[in-house]
Amino acid sequence: MEYKTCLVLATALCFGFVCSQNNIHPPYACQCLMEISEREACEFSSENITAEQCTGNGCCFDASVPDVPWCFKPSGERASVTYARKMIPSEERKDCGYQRITRKRCKRIGCCFDLKTSGAPTCFHPPVNNASQHCVMEGSARLECGYPGIPAEECQAKGCCFNSYDINTRWCFHPLSDTVPARLCGMVPKKRESCGAPGISADECMAKGCCYEHYQYAQMVPWCFYPHEKQGNYSL
């Protein structure tokens with residue numbers, strides 16, 4: 001009996017430790033908005049830290065600016081949204097999602113959420129510089145440009161976009177171009193129209209011109225689905 005009691009206690013302690021470790025999530029993208037001069041290196045930071053290691057420890061990762069910490073501590077949500085408001089006038093916000101999207105869902109797909117607005121999207125893409133405008137797209141519309149775990153420097157050296165704040169999609173992806181229109185993938189999950197058999201791969205789905213999001217809301221919500229402009233116009 002004493003052995004069983006000790007075993008149960010040890011299991012509970014171990015489970016508690018694992019749970020506490022797993023409670024660390026990549027930061028909400030808007031929490032990584034701040035002046036470059038205000039970046040404070042994350043305690044886990046090192047010269048060769050990868051985006052996965054950095055965001056996996058709850059820190060922000062941005063390898064686009066030299067001579068500043070690439071892995072740095074996130075700011076508070078209120079401060080980050082205030083910064084986003086300052087950087088993007090409400091009339092210039094680019095919608096990220098759909099009407100009445102929840103705060104939790106907006107944050108999960110790597111966007112900013114602000115209810116204190118009128119006539120503008122409440123869920124919107126974080127501000128970017130002019131050179132990065134071609135990288136602003138919904139996560140479920142990203143075309144792979146590399147391989148899982150590719151370093152940010154290698155991705156950007158290929159002329160591709162790198163964004164590690166949406167854990168459900170590709171971090172290294174092809175930029176938009178004048179010849180390839182953006183896919184409009186933001187929609188209420190229950191309105192998704194399937195664009196492939198269950199278990200279809202991301203590459204197969206995207207090659208069909210469809211959206212792919214490997215995150216299941218309910219059993220019947222498809223991972224591969226038609227974008228807005230394609231719904232009703234294609235036959236499988």
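This report looks at disulfides in the structure above.

The structure is a predicted model, so local features need pLDDT of at least 70 and side-chain atom pairs count only at pLDDT 80 or more, while totals for chains, interfaces and linings use all residues. Residues are numbered from 1 along each chain as its sequence is written, and side-chain values use heavy atoms, with hydrogens and water left out.

**The links**

A disulfide is a covalent bond between the sulfur atoms of two cysteines. Here the term covers a pair of cysteine sulfur atoms within 2.5 Å. How many disulfides does a search of the whole structure find? The search finds 12. The table lists some of them.

| Pair | S to S distance |
|---|---|
| Cys30 and Cys112 | 1.7 Å |
| Cys145 and Cys160 | 1.8 Å |
| Cys195 and Cys210 | 1.9 Å |

**Cys30 and Cys112**

Helices (H or I, at least four residues) and strands (E, at least two) are DSSP runs, numbered from the N terminus. The link of Cys30 and Cys112 is right-handed, with 100 degrees about the S-S bond. This pair links distant parts of the chain, 82 residues apart. Cys30 sits in the loop between α1 (2–22) and α2 (51–56). Cys112 belongs to strand β3 (residues 112–113).

Cys30 has a relative accessible area of 0%, so Cys30 is buried. Cys112 is buried too, with a relative accessible area of 0%.

**Cys145 and Cys160**

The torsion about the S-S bond of Cys145 and Cys160 is about 45 degrees, so this disulfide is right-handed. Cys145 lies in the loop between β4 (123–124) and α5 (152–157). Cys160 lies in the loop between α5 and β5 (161–162). The pair therefore ties together parts that are 15 residues apart in sequence. Cys145 counts as buried because its relative accessibility is 6%. Cys160 is buried at 10%.

**Cys195 and Cys210**

This link is right-handed, with 55 degrees about the S-S bond. Cys195 is in the loop between β6 (172–173) and α6 (202–207). Cys210 is in the loop between α6 and β7 (211–212). So the pair ties together parts that are 15 residues apart in sequence. Both cysteines are buried.

Gly199 is also found in the loop between β6 and α6. Gly199 counts as exposed because its relative accessibility is 70%. The C-alpha atoms of Gly199 and Cys224 are separated by 8.9 Å. Along the chain, Gly199 and Cys224 are 25 residues apart.

Notes: Buried means under 20% relative accessible area, exposed over 50%, partly exposed in between (1.4 Å probe, protein chains only).
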